[in-house]
Amino acid sequence: MVAALSRGEGSGQSRQIGKAGVQTHPAPAFPPRLPGDGSAHTGRQALGSRGRARPWSAGAEKEAGFVSDISLTSNIRLLNAPTLKVLEAPPPLPFAIRRPDGSTISFVSVLRHLPGKRVVGEARGADGRALAKLFFGNNARRHWEREASGIRALNKAGVATPEIIAAEELSDGGYLILTRFIDGATTMAEQIRELAGTCSQDDRVATLLAPCFALVGQLHAAGLIHNDLHPGNFLNADGRMMLVDGDAVSGEPLTHLADSKARANLALLIVQFPLAWTLEPVRLLEKYRRANPTLTDDPRALDAAIQQARDKRIHDYLDKAGRSCSRYVARRRFSSLQIVARDEEARLSPVIDDPDRCMAEGQPLKQGNTATVSRIRIGSAVWVVKRYNIKGVIHALSRAWRPTRGWHSWLAAHRLQALGIATPRPLAIVERRFGPLRGRAWLVTEDCPGQNLREYLDPAAPPDSTVGNALIDLFKALSAARITHGDLKATNLLWHNDRIYLIDLDAMTPHTSLVGLNRAWEKDRDRLIANWPDDSPLVRWLERNLPRLP
């Protein structure tokens, strides 16, 4: 086991776990740390005093409380684990780290950055191209050991995964794993995006997902489970499906896996995909059972496991939407709340600082007593900002102790995202506060340029099969998730890139009561159908095809 290989051999040595086993190297003496030249480097970011990412420079490094190691060249800076640990923004590119033998390896891309924990990217060094995982911070050793042991367990079980090139403990407290870089491979997440909007009955959906189910069946048949089966951990390399992220692998290779564990892990896989695609997973389960025929066929138990996994997925989505994480930067102060998409933080800065000014300079879309909506442009970005107004003192007092409507919409959008139901991407939420009391709120989303269904659909004819199937899939997904929109007029459904996007989520409700769900469902259904003349061909089609709850 890797854990056994990494037990202490003295502070003056670093360890390398490679194909030849354990090797020890004298810990190399790092060159002295020198201040930078003071020039800003494009794309490099450091933390300012208020936690907002800003351009990387020597002055910014000092303000953040660290400096990086001496530059290897004018373009590549040598960083170390303590430096990387304090970065909230992705590290500068390109950058290098020093290995135990004194050589360096250069990161040329960052595929994933978890602040204070790890950075993953393509790297180049003496071993050629590799996928590098650099662990630092609390529990770094544990994750490093689990990553290496998990990859070896997959290899032993015959489950396809990129092999380890090296696993090394660095002298500065970091831990590095290099695996073979799979050139030309695409992730399942990328392939899903390419099929976004595809009808659940389209054969391409089953063709895309089936290899994942077969691979997980093979995993379970070998006595293993993977606790992070998101689409980004499946790689398609020339038609061969591979599983990555050894840190998430557990179990004992080549032993029997209990049905309850296999079923829970299979459910975890199912809920990663758009809900409409997996409501009837018969063909996908056939692929799984061919690889793992030992799992007892118990549809009710599987349904219960799927519901439990979906509830946990939604809970995790909503939890991350309210705090700083790899996707968001959250700032909570006495006078305000700000949560901003990390990858758009810099461009969103003027909107966060003065949303009303940006709205005034934008294109008005709605001027109402309770809400004001504008489309704004900043550079090449086009966004929609919705301000939730306070009508007066009484209204302010009635709303002050409750979550704002902006917050409700923010969470509703993330709930839909977790279920694979299309809605414009939520980018930021800003609230004015006085301690626990809430005032006005602003919600920023991506702009969806689609046409609303009131304008797009012709009442004199049924919808074409693409729109019709999309409507049916949408209603089936909302039904399975027990969600109602609350204001399902046709102008709140936008047709864009062969998908129906839901907007105006202020009244969206997840239901726990079947009575309440049935009542609200019929209102939503009737509200949509009422947009067109009675007894028109379109209305007759909607009445026949839009599902009712049992």
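Select H15 and H17 first: these two helices are oblique to each other, a label for angles that are not under 35 degrees (roughly parallel), over 145 (roughly antiparallel) or 65 to 115 (roughly perpendicular). Helix H15 covers residues 465–481 and helix H17 residues 537–545, and they pack at an angle of about 40° with their axes 11 Å apart. Axes here are lines fitted to C-alpha atoms, for helices over the stretch in contact, and angles run from 0 to 180 degrees between N-to-C directions; helices are DSSP runs (H or I, at least four residues) numbered from the N terminus. The crossing of H15 and H17 is right-handed, that is, the near helix is turned clockwise from the far one by less than a right angle. Show side chains for Gly 468, Leu 471 and Ile 472 of H15 and for Trp 541, Leu 542 and Asn 545 of H17, which make the contact (heavy atoms within 4.5 Å). By class, four of these residues are nonpolar, two are polar and none is charged; Ala, Val, Leu, Ile, Met, Phe, Trp, Tyr, Cys and Pro count as nonpolar, Asp, Glu, Lys and Arg as charged, and the others, Gly among them, as polar.

This is a predicted model, in which local features need pLDDT of at least 70 and side-chain atom pairs count only at pLDDT 80 or more, while totals for chains, interfaces and linings use all residues. Residues are numbered from 1 along each chain as its sequence is written, and side-chain values use heavy atoms, with hydrogens and water left out.

On the H15 side the contact is made by Leu 471, Phe 475, Leu 478 and Ser 479, and on the H16 side by Trp 521, Arg 525 and Leu 528.

Next, select helix H7 (residues 259–270) with helix H9 (residues 299–320), which pack at about 55° with their axes 8 Å apart; that angle makes H7 oblique to H9. Their contact divides into ten nonpolar residues, no polar residue and one charged residue.

Finally, select Cys 199 and Cys 325. Are they buried or exposed? Cys 199 is buried, with a relative accessible area of 18%, and Cys 325 is also buried, at 11%, where buried means under 20% relative accessible area, exposed over 50% and partly exposed in between (1.4 Å probe, protein chains only).
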